[in-house]
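I opened the file and kept notes as I went. The entries follow in the order I looked things up.

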Amino acid sequence: MASKKKLKSQVKQAEEKAARWKDRAKSLETETRKASKQLRKLTKKLSAGTSTAAEAVGDAIAEAGAEVVLDSPEGSVEQAATPDLAEVGISAGGPDETWTLAALRAEAKERGVTGYSRKSKAELLALLS
């Protein structure tokens with residue numbers, strides 16, 4: 001049978017470990033809130049059409065305190081910084097069969113559609129087109 005002293009030591013170690021995990025969780029929650037806030041700002045800027053994706057991302061990086069270098073070997077900042085719409089599952093003309101389900105749901109959420117998470121791809125296409 002373990003001694004009382006050894007058990008107390010184990011309890012103390014477990015409590016210290018729990019405290020470290022709680023601190024880590026609190027830190028991650030803070031980082032998540034900051035990232036969510038930046039994402040909302042970027043989404044708002046992009047949906048308002050006030051800037052290109054490269055400018056919006058550059059602004060967010062600058063706000064975070066990092067150095068922004070908007071240069072590309074091709075000589076076009078937008079060409080280097082803006083992702084290909086097809087890569088993220090979105091076509092330029094609006095929702096169609098090439099859009100992914102995730103992209104359709106994001107569009108439905110942006111438009112304020114309710115119940116979009118339960119709809120199929122075909123239902124979302126019909127609703128958003």
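**Entry 1: helix α5.** Which residues are exposed on the other side of α5? I found Ala-122 and Ala-126 exposed there. I then listed the buried residues of α5: Leu-124, Leu-125 and Leu-128. Seen down the axis of α5, they fall within an arc of 100°, so they line one face of the helix. I looked up what they pack against, and it is α4. I note that this is a predicted model.

**Entry 2: confidence.** I checked pLDDT before going on. The chain averages 76, and 64% of the residues score at least 70. Among the elements of the chain, α5 has the highest mean pLDDT, at 90. The lowest mean belongs to α3, at 43. I also looked at residues 74-82, where pLDDT stays under 50. For that stretch the model has 12 contacts beyond four places in sequence. Where pLDDT is low, the predicted coordinates should not be read in detail. I took no details from that stretch.

**Entry 3: the whole chain.** I counted secondary structure next. The chain has five helices and zero strands. From the N terminus on, the order is α-α-α-α-α. I looked up burial for the 129 residues, and 15% of them are buried. The accessible surface comes to about 10,100 Å². Carbon and sulfur atoms hold 55% of that surface. I then took the contacts with a separation of 6 or more. Residues 24 or more positions apart account for 20% of these contacts.

**Entry 4: helix α4.** I moved to α4, residues 101-111. Its buried residues are Ala-103, Leu-104, Glu-107 and Ala-108. They cover an arc of only 140° around the axis, which puts them on the same side of α4. I turned to the face away from that buried side and found Ala-102, Lys-109 and Glu-110 exposed. The buried residues of α4 pack against α5, residues 121-128. Gly-112 follows α4, and its phi is positive, near 80°.

**Entry 5: a charged pair.** How many salt bridges does the count give? I got one salt bridge. Glu-107 forms it with Arg-111, and the closest N and O atoms are 2.8 Å apart. Side chains of opposite charge can pair when their charged atoms come close. Both Glu-107 and Arg-111 lie in helix α4, four residues apart, about one turn of the helix. Glu-107 has a relative accessible area of 17% and counts as buried, because the cut-off for buried is under 20%. Arg-111 has 45% and is partly exposed.

**Entry 6: Trp-99.** Where is Trp-99 found? I located Trp-99 in the loop between α3, residues 77-81, and α4. Is Trp-99 buried or exposed? It is buried, with a relative accessible area of 5%. I then took the C-alpha separation between Trp-99 and Leu-125, which is 8.8 Å. Along the chain, Trp-99 and Leu-125 are 26 residues apart. Leu-125 is also one of the buried residues of α5.

**Entry 7: back to the start.** The buried side of α4 packs against α5.

Definitions and conventions:
Residues numbered from 1 in each chain as written. Heavy atoms only, no water. Buried < 20%, exposed > 50% of the residue type's maximum accessible area, 1.4 Å probe, protein only. Helix = DSSP H or I, 4+ residues; strand = E, 2+ residues; numbered from the N terminus. Arc of directions from axis to C-beta. Contact = heavy atoms within 4.5 Å. Areas by Shrake-Rupley, 256 points an atom, 1.4 Å probe, with all protein chains shown as cover. Salt bridge = Lys/Arg side-chain N within 4 Å of Asp/Glu carboxyl O. pLDDT = per-residue confidence, 0-100.
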